[in-house]
Amino acid sequence: MTIASLHRPLQSLRIGPGISALGERFVERRDPTPLPDPYLVAFNPDVAELLGFEASEANGPEFLRLASGNARFGPVPSYAAVYAGHQFGTYVTQLGDGRALGLGEVLSPNGQRYEWQLKGAGLTAFSRFADGRAVLRSAIREYLGSEALHHLGIPTTRALAVAGSDFPVQREAIETAAVLSRVAPTHIRFGSFEYFHYRRMHAELKLLADYTIANFFPEFANVAETERYARFLREVVERTARLVAQWQAVGFAHGVLNTDNMSILGLTLDYGPYGFIETFDPGFICNHSDDMGRYAFGRQPAIGLWNCRALAHALESLVAEPEREAALAAYEPAFEAAYAAALRAKLGLREEREGDLALIEDVLDVLERGRADYTLFFRALSRLTLAPAAHDDVARLFEHAGAWREWLPAYRARLAAEGSDDSARHAAMLAVNPKFVLRNSLAQAAIAAAQRRDYSEIARLHDILRRPYDEDAGDERYALPAPPGTAPIVVSCSS
Ligand code: AMP
Ligand code: MG
């Protein structure tokens with residue numbers, strides 16, 4: 001099968017080369033491997049609008065050809081980027097887009113730039129021993145996961161579409177292939193910098209840093225060179241700290257926080273075996289292959305810093321040690337401030353007061369010991385009244401409500417101290433404590449239906465996840481954990 005180039009770009013999309021402009025030491029130019037007889041499994045009009053084309057384009061043949069690797073944009077060659085990274089703490093000298101291909105950078109009508117990347121579009125120079133494919137299950141998981149986080153206000157890559165095919169792919173069992181279209185201003189990773197550092201390709205490292213700063217951190221482009229890279233590093237460190245704080249606040253575990261999965265823009269990147277916590281458990285491990293619990297939920301803040309340290313080390317030729325250390329020192333305060341702000345908002349506290357951190361620690365302890373569902377708890381807490389009521393609707397969420405009952409008076413006293421008003425607080429809390437998160441069981445139901453060629457559940461779930469704070473976005477079962485006794489869903493790296 002040959003790759004046809006599109007003579008008429010989708011609508012009036014303007015396409016640039018993105019990072020492939022840096023040349024062959026940074027990317028391999030490579031056509032996608034066509035997905036045979038593709039069909040559209042999911043399409044996200046929100047992202048089409050970001051890019052600047054009409055949602056009705058999704059019904060046309062050109063869109064499907066692009067989204068399934070059967071076409072590329074005519075004037076711009078598609079490309080796979082090289083990178084390296086620390087995987088589970090060990091440096092791997094050569095990774096790269098093994099199953100991802102950039103179709104190009106879309107220059108959107110509002111002046112933003114978005115790299116359109118296909119995930120699962122076939123072999124590249126960086127595929128190592130794997131097949132360059134993604135399975136339907138993992139494409140749907142990334143599609144729903146990234147949109148869920150976006151609508152929770154968490155920086156992330158976005159998902160445009162999933163194209164499916166009956167083409168078989170061998171994993172633990174035989175599954176079918178799919179291609180995910182995802183977009184982000186850039187998919188450059190911490191590991192992109194590590195690759196050039198460890199090969200002592202310092203000129204290329206500087207080119208990559210200059211490209212990244214010029215295009216995505218323009219506020220530093222005119223800073224004197226002696227300070228520019230240090231400022232850039234510090235900004236990435238702070239963004240990473242704030243990103244992880246948002247994950248912790250919502251109960252999201254990424255699952256594979258290798259440095260090659262860390263976005264230089266501070267976006268959530270590369271959704272694999274991620275999961276939302278149900279009962280609060282710092283030891284929650286969503287990745288079945290993570291035997292040591294390196295990427296357990298509660299370890300993410302420390303791992304975020306570890307990864308920033310790896311990035312700082314990779315920038316050794318551009319940033320002197322004292323400045324690297326100063327940039328890294330910004331991580332903890334940025335994390336603590338963002339996390340405290342998020343938890344204060346979840347608790348409905350308007351003011352910052354002494355003792356808040358202890359109150360936050362205590363509520364997490366109450367949740368862990370009492371085994372209440374994290375999401376349901378904060379949603380129910382959003383309706384608590386200052387005056388003790390006859391029915392305690394929060395207590396029924398706990399397996400053991402003793403600690404909750406002990407904590408409650410302190411919480412009510414703290415609310416009273418700032419003159420908290422029930423109805424104002426209820427409204428504020430309901431706007432930050434989601435009713436709907438992407439529980440594994442919900443994603444799994446959408447995947448199971450899709451494997452039977454019914455894609456309606458993906459669309460329904462996506463629609464609910466677009467409005468996570470809206471009481472009426474979906475019926476009650478979408479707000480509930482899997483019924484007790486449901487077998488846990490096993491997800492690992494190699495999906
Ligand atoms: P991940 O664990 O998904 O972040 O992937 C780690 C590395 O393995 C990246 O360089 C991927 O591009 C590559 N990789 C993962 N799965 C495949 C696959 N099916 N084919 C080729 N490369 C892959
Ligand atoms: Mg990855």
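**Figure 1. Phe88 in its loop, a partly exposed residue.** Let's start with Phe88, which is partly exposed, its relative accessible area being 32%. As throughout this set of views, the coordinates come from a predicted model. The residue sits in the loop that runs between strand 7 (85-87) and strand 8 (90-92). Check the backbone here: Phe88 is not a glycine, yet its phi is positive, at about 50 degrees. For background, most residues other than glycine have a negative phi.

**Figure 2. Arg371, in the loop between helix 10 and helix 11.** Here is another backbone worth a look: phi of Arg371 is near 55 degrees, a positive value in a residue other than glycine. Arg371 is partly exposed, with 40% relative accessible area.

**Figure 3. Helix 11 and the helices around it.** How many of the residues of helix 11 are buried? Helix 11 (residues 374-381) is mostly covered, with 8 of its 8 residues buried. They are Tyr374, Thr375, Leu376, Phe377, Phe378, Arg379, Ala380 and Leu381. Which helices do these buried residues pack against? Their partners are helix 6 (225-250), helix 9 (331-347), helix 10 (356-370), helix 12 (402-417) and helix 13 (422-430).

**Figure 4. Ala340, a residue of helix 9.** Ala340 counts as buried, at 8% relative accessibility. Setting aside neighbours within four places in sequence, Ala340 is in contact with Leu357 and Ile360. Ile360 is 20 residues from Ala340 along the chain, and the C-alpha atoms of the two are separated by 8.1 Å.

**Figure 5. Arg234 in helix 6.** For a sense of distance, take Ala329: Arg234 and Ala329 are 95 residues apart in sequence, and 8.8 Å lie between their C-alpha atoms.

**Figure 6. The magnesium ion (ligand 2) and its coordinating residues.** Which residues coordinate the magnesium ion? They are Asn261, through OD1, and Asp270, through OD, at 2.0 to 2.1 Å. Asn261 counts as buried at 10% relative accessibility, and Asp270 is buried with a relative accessible area of 12%.

**Figure 7. Helix 14 against helix 15.** Two packed helices are described by the angle between their axes and the distance between the axes. For helix 14 (residues 440-451) and helix 15 (residues 456-465), that angle is about 150 degrees and the axes are 7 Å apart. Helix 14 is therefore roughly antiparallel to helix 15, since angles over 145 degrees count as roughly antiparallel. On the helix 14 side of the contact are Leu442, Ala443, Ala445, Ala446, Ala449 and Ala450. These meet Glu457, Ile458 and Leu461 in helix 15. Sorted by class, the contact has 8 nonpolar, no polar and 1 charged residues.

**Figure 8. Ser165 in strand 12 (residues 158-170).** How is Ser165 placed, buried or exposed? Ser165 is buried, with a relative accessible area of 2%. Leaving out neighbours within four places in sequence, Ser165 is in contact with Leu35, Pro36, Asp37, Tyr39, Thr176 and Ala177.

**Figure 9. Ala134 in strand 11 (residues 134-135).** Ala134 is buried, and its relative accessible area is 3%. Beyond neighbours within four places in sequence, the contacts of Ala134 are Arg99, Lys119, Gly120, Arg171, Thr176, Ala177 and Ala178.

**Figure 10. The domains of the protein chain.** To finish, step back from the close-ups. The domain assignment gives domain 1 (4-190), domain 2 (217-340) and domain 3 (349-419). How many Å separate the centres of domain 1 and domain 3? Taken over C-alpha atoms, the separation is 43 Å.

How values were computed:
Residues numbered from 1 in each chain as written. Chains lettered and ligands numbered in written order. Predicted model: local features only at pLDDT ≥ 70, side-chain atom pairs only at ≥ 80, totals over all residues. Heavy atoms only, no water. Domains from an automatic or database assignment. Donors = N, O, S within 2.8 Å, 3.2 Å for Na, K, Ca; no water. Buried < 20%, exposed > 50% of the residue type's maximum accessible area, 1.4 Å probe, protein only. Axes fitted to C-alpha atoms, helices over the stretch in contact; angles between N-to-C directions. Helix = DSSP H or I, 4+ residues; strand = E, 2+ residues; numbered from the N terminus. Parallel < 35°, antiparallel > 145°, perpendicular 65-115°, else oblique. Contact = heavy atoms within 4.5 Å. Nonpolar A, V, L, I, M, F, W, Y, C, P; charged D, E, K, R; others polar.
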